[in-house]
Amino acid sequence: MITGEIKNRIDQIWDTFFVAGITNPITVLEQMTYIFFMKMLDDKQLQEEENARDWDAEVKNPTFPDGQLWVNPEAVSDEEKKGIPYENLRWHVFKNFGSDNMFRLVRQSVFEFIKHIGTGEESAYSRYMKSAIFLIPNARTLSKIVDGVDALDMNNRDAMGDVYEYILGKMAASGTNGQFRTPRHIIRMIVEMMDPKPQDYICDPAMGSAGFLVEAVKYIKERYHEEFFVSERMDHIKTSLINGFDTDQTMLRIGAMNLLLHDISSPNLAWRDSLSEQNEDKSCYTLVMANPPFAGSLDKGNINKNILAYANTTKTELLFLIQFVRSLEVGGRCASIVPDGVLFGTSKAHIAIRQEIVDRQQLRAVISMPSGVFKPYAGVSTAVLVFTKTNSGGTDRVWFYDMKADGFSLDDKRSPIGDNDIPDVISRFHNLKAEASRSRKEQSFFVPVEEIRQNNYDLSINKYKEIEREKVEYEPVQDILTRLEKTESDYLKGYSELYKMLES
């Protein structure tokens, strides 16, 4: 969990941008990400160099080759064409150059270097970094930002995830478009449930800052480390394993940088409205994990007609579910966060999409999450829907889980607590056979599909959960009246005695 000291450091960096006149929160995030990236690249190579020394080996394909010069591919002047030592582009070197020299080097060379990483590969990273602009205005501002970032441990991915989440949480934009704020521990829960593999084709059609995609890569590297680096799979892993789309160029840049740091150099990331006619994806992914934007409506004229064919609606939370079904291969899996209204809404479109997933596909699980999961940014109640695309049905029973705690308090502070159902959710999901004997009075249980159909495809857990009520035995009324009469008599006796004392 992020410490108060690190929060203060991030707050100071944030304030430094504002004082310098950079007040758009998304621009602040983007510029901070560039600085983070510069440090991450160097920290990553420092770690690789240390490991190489321990094993008496050499660093393979270093970002900063020792003793070589880097030449800007867009160099114009003779001086620029001479190049500069890669060593000077490294964080631990240029941070000691003095503020004016550092500012000049970072603006003219280091930033141009990170823009051109992967040039020639036509990677997602190089494609979206082409339009990047360095906006830090002066040496004093950069020097203060570098000092603030320098103390952060970029090799500690969990800590950096907390830092990133805290930064995203500061953004005013997170309260309006919601694209940034899927808590990292919820993402990790979903990833562990879905168990992505090196041979998968993974997609997030509303990727935001690429949280699901980055976490999927981290999981695959942890669980399938040897397979991850098998030569015959490397081309797929670096290019087609990861697929993500968004309508925000900044998010695409940030996602591409995050993935590059996790050895995914050319993921399929694209600027795309996943619900529009420009999205032709159909039967092409094996795994979709997403937290699509909801509580919004679109202009029906902009919606892909192939999506509307499933259900005639403009609600984004329903349209994205339809697109997930459409884009998956037969046998492909989906785990999506949805607002509770999707589970029990009574409109024709709500019922139609639930009927599609239950009757035409295979609905596997509904995990109901507590309403405080997205606080302090939203108090909406949500659930995770897990299904497999079959196009031929297959739902015989659905597993429900009533998550009551996620390891954090459910108020606006979201402080760490001991209660946490997430490990239990993951464990039980991967051993559903053992769930068959559980009653509906417990936290998780199965519901037969016929019962769901009889309830108009309602998927809210409260529709099926049995509430155990204890019978309360009350005293007989006559005994209560007798006790009241005695109490009144004692009161009147005491009152009378007090009155006599006052008269005497």
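Is Phe94 buried or exposed? Select Phe94 and have a look: with a relative accessible area of 0%, this residue is buried. Keep in mind as you click around that you're looking at a predicted model.

**Stop 1**

In general, an α-helix has 3.6 residues a turn, so residues three or four places apart point the same way.

Now zoom in on the side chains. A search of the whole structure turns up 14 aromatic pairs. In the one formed by Trp91 and Phe94, the ring centres are 5.6 Å apart and the planes sit at 65°, which makes the pair edge-to-face because that label goes to planes over 60 degrees apart.

**Stop 2**

Next, select Phe64, Trp70, Tyr86 and Phe113. Ring pairs link these four into a cluster.

Where does helix 5 bend? Go to Val106: the helix bends there by about 45°.

**Stop 3**

Jump to strand 4, residues 242-246. Five of its five residues are buried, so the strand is largely enclosed by the rest of the structure. Show the side chains and check directions: Ile242, Gly244 and Asp246 point one way, while Asn243 and Phe245 point the other.

Strand 3 runs parallel to strand 4 and is joined to it by three bridges. Strand 5 is parallel to strand 4 as well, with four bridges between them. Gly244 is a handy landmark: it is the bridge partner of Asp204, and in strand 5 its bridge partner is Leu269. To follow the chain from strand 4 to strand 5, trace helix 14 (residues 249-261); this β-α-β crossover is right-handed.

**Stop 2: two arginines over rings**

The arginine lies over the face of the Phe245 ring, 4.0 Å from its centre. For another example, select Arg397 with Phe446: here Arg397 lies over the ring face, at 3.9 Å from the centre.

Methods:
Residues are numbered from 1 along each chain as its sequence is written. This is a predicted model: local features need pLDDT of at least 70, side-chain atom pairs count only at pLDDT 80 or more; totals for chains, interfaces and linings use all residues. Side-chain values use heavy atoms; hydrogens and water are left out. Rings of Phe, Tyr and Trp (its six-membered ring) pair if their centres lie within 6.5 Å; planes under 30 degrees apart count as stacked, over 60 as edge-to-face and the rest as tilted. Buried means under 20% relative accessible area, exposed over 50%, partly exposed in between (1.4 Å probe, protein chains only). A charge sits over a ring if NZ of Lys or CZ of Arg is within 6 Å of the ring centre and within 35 degrees of the ring normal. Helices (H or I, at least four residues) and strands (E, at least two) are DSSP runs, numbered from the N terminus. Two strands pair if DSSP finds at least two bridges between them. A crossover is right-handed if, with the strands pointing away from the viewer, the path from the first strand over the helix to the second runs clockwise. The bend at a residue is the angle between axes fitted to the seven residues ending there and the seven starting there.
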